[in-house]
Amino acid sequence: MAVSLSSLWHVNQSTYSSWRMNDAGNIWHRSGTVDVVQKSFTSYKTSDGRTAYTDLVFLSDDYSDRWEGNGWRASGRYYKECPNRFSRMCQGIIELNDYVMWNTSLGRYYSSAEIQYTITHEIGHALGLGDNKYAGNIMTQGRLSSIYFGRDDNDSYEARHGKNSFWGGGY
């Protein structure tokens with residue numbers, strides 16, 4: 001588990017621009033309490049000498065046949081990777097599926113807004129939120145091109161991170 005420094009640290013090893021990751025993180029945290037900071041390494045020393053590990057690694061590839069049978073349709077996924085089940089030094093992995101979002105042989109091209117939505121949605125998972133079934137929420141699954149927060153995003157975030165911790169909906 002990474003040391004909390006009020007930042008969401010990430011390493012971009014994907015084919016997508018780092019500004020997309022930064023924008024997606026800042027969509028979640030416009031209050032300024034958490035920033036997305038890109039580093040080119042997977043661990044760093046804190047001011048008190050502790051070692052913190054990268055929270056997120058962004059990867060991308062053609063996952064058409066490797067995601068438990070769902071790679072042909074899922075644009076992204078989030079999971080945690082740990083050295084072993086007892087380790088506290090886990091990191092989150094966000095994989096972006098080029099097969100779905102950017103497949104030139106099939107003539108598929110996600111718009112910039114759709115790519116941004118996918119990254120924002122997956123960062124929501126990294127923040128501990130699950131999918132919801134209600135339209136008009138960032139945590140709704142599907143190919144959406146608008147990035148806005150609904151009441152359920154607000155309620156899920158505050159249930160996870162504390163009352164009045166979510167800036168977005170004003171609910």
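Leaving aside neighbours within four places in sequence, which residues is leucine 129 in contact with? They are Trp28, Gly124, Met139, Ser156, Tyr157 and Arg160. Contact means heavy atoms within 4.5 Å.

## Basis of the model

This is a predicted model, in which local features need pLDDT of at least 70 and side-chain atom pairs count only at pLDDT 80 or more, while totals for chains, interfaces and linings use all residues. Residues are numbered from 1 along each chain as its sequence is written, and side-chain values use heavy atoms, with hydrogens and water left out.

## Leucine 129

Leucine 129 sits in the loop between α3 (112–126) and α4 (151–161). Helices (H or I, at least four residues) and strands (E, at least two) are DSSP runs, numbered from the N terminus. Leucine 129 counts as buried because its relative accessibility is 5%. The classes are buried (under 20% relative accessible area), exposed (over 50%) and partly exposed (in between), with a 1.4 Å probe and protein chains only.

Alanine 159 lies 30 residues from leucine 129 along the chain. Their C-alpha atoms are separated by 9.5 Å.

## The nonpolar core

Trp28, a contact of leucine 129, also belongs to the largest nonpolar core. That core has 23 residues. Trp28, Phe58, Leu96, Ile119 and Ile123 have the most contacts inside it. Two or more residues come from each of α1 (18–28), β5 (56–61), β7 (91–97), α2 (98–101) and α3. A nonpolar core is a set of buried Ala, Val, Leu, Ile, Met, Phe, Trp, Tyr and Cys residues joined through side-chain atoms within 4.5 Å.

## Helix α4

Asp153, Asn154, Tyr157 and Glu158 are buried in α4. They lie on the same side of the helix, because they cover an arc of only 120° around the axis. The arc is that of the directions from the helix axis to the C-beta atoms. The buried residues of α4 pack against α1. Exposed residues Ala159 and Arg160 are on the face turned away from the buried side. Glycine 162 follows α4 and has a positive phi, near 110°.

## Asparagine 137

Asparagine 137 also lies in the loop between α3 and α4. At 4% relative accessibility, asparagine 137 counts as buried. Its side chain reaches two backbone nitrogens: that of aspartate 152 at 3.2 Å and that of aspartate 153 at 3.1 Å. These are polar contacts (N or O atoms within 3.5 Å; within protein, one must be able to donate a hydrogen and the other to accept it, and residues adjacent in sequence count only if both atoms are side-chain atoms).

Not counting residues up to four places away in sequence, asparagine 137 touches Tyr117, Asn132, Tyr148, Gly150, Arg151, Asp152 and Asp153.

## Salt bridges

The whole structure has 2 salt bridges. A salt bridge is a side-chain nitrogen of Lys or Arg within 4 Å of a carboxyl oxygen of Asp or Glu.

One joins arginine 77 and glutamate 95, with the closest N and O atoms 2.8 Å apart. This pair links distant parts of the chain: arginine 77 is in strand β6 (residues 76–81) and glutamate 95 in strand β7, 18 residues apart. Arginine 77 is partly exposed at 24% relative accessibility, whereas glutamate 95 is buried at 6%.

Aspartate 155 pairs with arginine 151, the closest N and O atoms being 3.4 Å apart. Both lie in helix α4, 4 residues apart, about one turn of the helix. Aspartate 155 is partly exposed, with a relative accessible area of 36%. Arginine 151 is partly exposed too, at 45%.
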